[in-house]
Amino acid sequence: MDHFAYRNGELYAEDVPLSRIAAEIGTPFFCYSTATLQHHYRVFTGAFSGVDAAFCYAVKANANLAVIRTLAEMGAGADVVSAGELERALAAGVAPAQIVFSGVGKSREELSHALDKNIGQFNVESSAELDLLSDIAASKGLTAQIAVRVNPDVDADTHEKISTGRHQDKFGIPWPAAREDYARAKVLPGIEVVGVAAHIGSQITSLAPFDAAFTKIVGIVDQLRHDGHDIRRLDLGGGLGIPYEGETPPTPSEYAEMVKRVTAAVDCELVFEPGRVIVGNAGVLVSRVLYIKESAGHTFTVLDAAMNDLLRPSLYDAHHAIVPVRESAADTDFHPTDIVGPICESGDVFAHGRPMPPLVTDDLLVIRTAGAYGAVMSSNYNSRPLAAEVLVNGDIFEIVRRHQTNEEMLALEEMPSWFDDRNVSRTRGVA
Ligand code: LLP
């Protein structure tokens, strides 16, 4: 369910026509819907009503401050994977106690910073990280509350590049090796064991892998308690998939029923780190047609958005629905076209042979389901400025990140001193 729909032949975000935003701020831009964000957060959390559960929104999915704030106002915590994401969560008003720090490569500086901020939980992913965290915490006279992220060796049956819970993946610590880390954690200074964490991948469209992983983790909780650990939190990660192309992932309530069944006897606070399921279809990427190009029997629709704005199709061959802002008449003939960006790379393709209505230069197209892993994965490739982000709320829209400028793109760079006129002769070896 989302709040992007045609009215009077035009695509709206809630009560705002996307063409109006495009006319005012220019393209390309991401547009997010407050009502959709709220709806998904409510549906996901509502599925666990009556359960002792915390919801730490996975900031990596969409890190815009206004998006985090919208969810924080509804009670969401945050799952962060860098000091940058931690700063974002704090800046958006998430309470430190509601922040979980995940990630396989937290640096000394990041751990130190997170300890200073007094965050709620560190999900430790290696023995070496455990030692480092203990060192830093002890030297500050602080205590880090930790869960070990256990790698349950379960195949999430999703795209190869977003599967994280198999033994060959870099994430987590396998069982029973993790048991030794728990034993060490018990005696290490500055460390307090509070739970167990798992996250097996993203865009998971069936319950079976979750069920298998969570069942293993529940068994692990029993063993850890038997070893004398006070396990009171069970962090089950994120990963619930959404429909991009007719997939039928479990609904949040089906997912919740399975979780309740598997964890019934465990008596822990449950922690969830949902990302995509909250923000995925709450966002679209709005772009303008630059050219229609006929070439060797092929039609290319060249947009002003590119793989630097939305990388998913290029990186994962991901499918995103693409629709015109102006609704097509019922009897319109659709013709296949390759929908591409302007980047100098053949992989800069949003869709191959996609049936589309007749299009002309300046038409607006919307790439749907771009709220998750869209703007956050964008780059300056081809020195293209970052696209703007807009948040709609009812009949108002506001720019929540403006278009980057060329000046801003250049601002971090310096010419080395040897290009200064006075140094030229020296570097060339001229006396
Ligand atoms: N927790 C941890 C530790 C994670 O690594 C992730 C995602 C999540 C939670 C949130 O997962 P979600 O509920 O969003 O599935 N760029 C890829 C997705 C990468 C996901 C990385 N980890 C894509 O565009 O499909």
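Predicted model: local features only at pLDDT ≥ 70, side-chain atom pairs only at ≥ 80, totals over all residues.
Reader: How do α2 and α3 pack, and at what angle?

Author: Start with the axes. Helix α2 (residues 34–46) and helix α3 (residues 65–72) pack at about 45°, with their axes 10 Å apart. Angles under 35 degrees count as roughly parallel, and 65 to 115 as roughly perpendicular. The pair is therefore oblique. The crossing of α2 past α3 is right-handed.

Reader: Which residues make the contact?

Author: From α2 come Thr 34, Leu 37, Gln 38 and Tyr 41. From α3 come Val 67, Thr 70 and Leu 71. By class, this contact has 4 nonpolar, 3 polar and no charged residues.

Reader: At what angle do α8 and α9 cross?

Author: Roughly 25°. Helix α8 spans residues 207–226, helix α9 residues 252–263, and their axes come within 10 Å. Angles under 35 degrees count as roughly parallel, so α8 is roughly parallel to α9. Here too the crossing is right-handed.

Reader: Which residues meet there?

Author: In α8, look for Leu 207, Phe 210, Asp 211, Phe 214, Thr 215 and Val 218. Their partners in α9 include Tyr 255, Met 258, Val 259 and Arg 261. The contact divides into 8 nonpolar, 2 polar and 3 charged residues.

Reader: What volume does the largest pocket have, and what lines it?

Author: Its volume is about 680 Å³. The lining has 38 residues. Nearest the centre lie Lys 60, Thr 164, Phe 171, His 199 and Tyr 373. Helices α10 (276–279) and α11 (312–316) each supply at least two lining residues.

Reader: How does the lining divide by class?

Author: Into 14 nonpolar, 12 polar and 12 charged residues.

Key:
Residues numbered from 1 in each chain as written. Heavy atoms only, no water. Axes fitted to C-alpha atoms, helices over the stretch in contact; angles between N-to-C directions. Helix = DSSP H or I, 4+ residues; strand = E, 2+ residues; numbered from the N terminus. Parallel < 35°, antiparallel > 145°, perpendicular 65-115°, else oblique. Left-handed = near helix turned anticlockwise from the far one by under 90°. Contact = heavy atoms within 4.5 Å. Nonpolar A, V, L, I, M, F, W, Y, C, P; charged D, E, K, R; others polar. 1 Å grid on protein atoms, 1.4 Å probe; cavity = no way out; pocket = protein on both sides within 12 Å on 5 of 7 lines; lining within 4 Å. Points joined across faces, edges and corners; volume = space filled by probe spheres on them.
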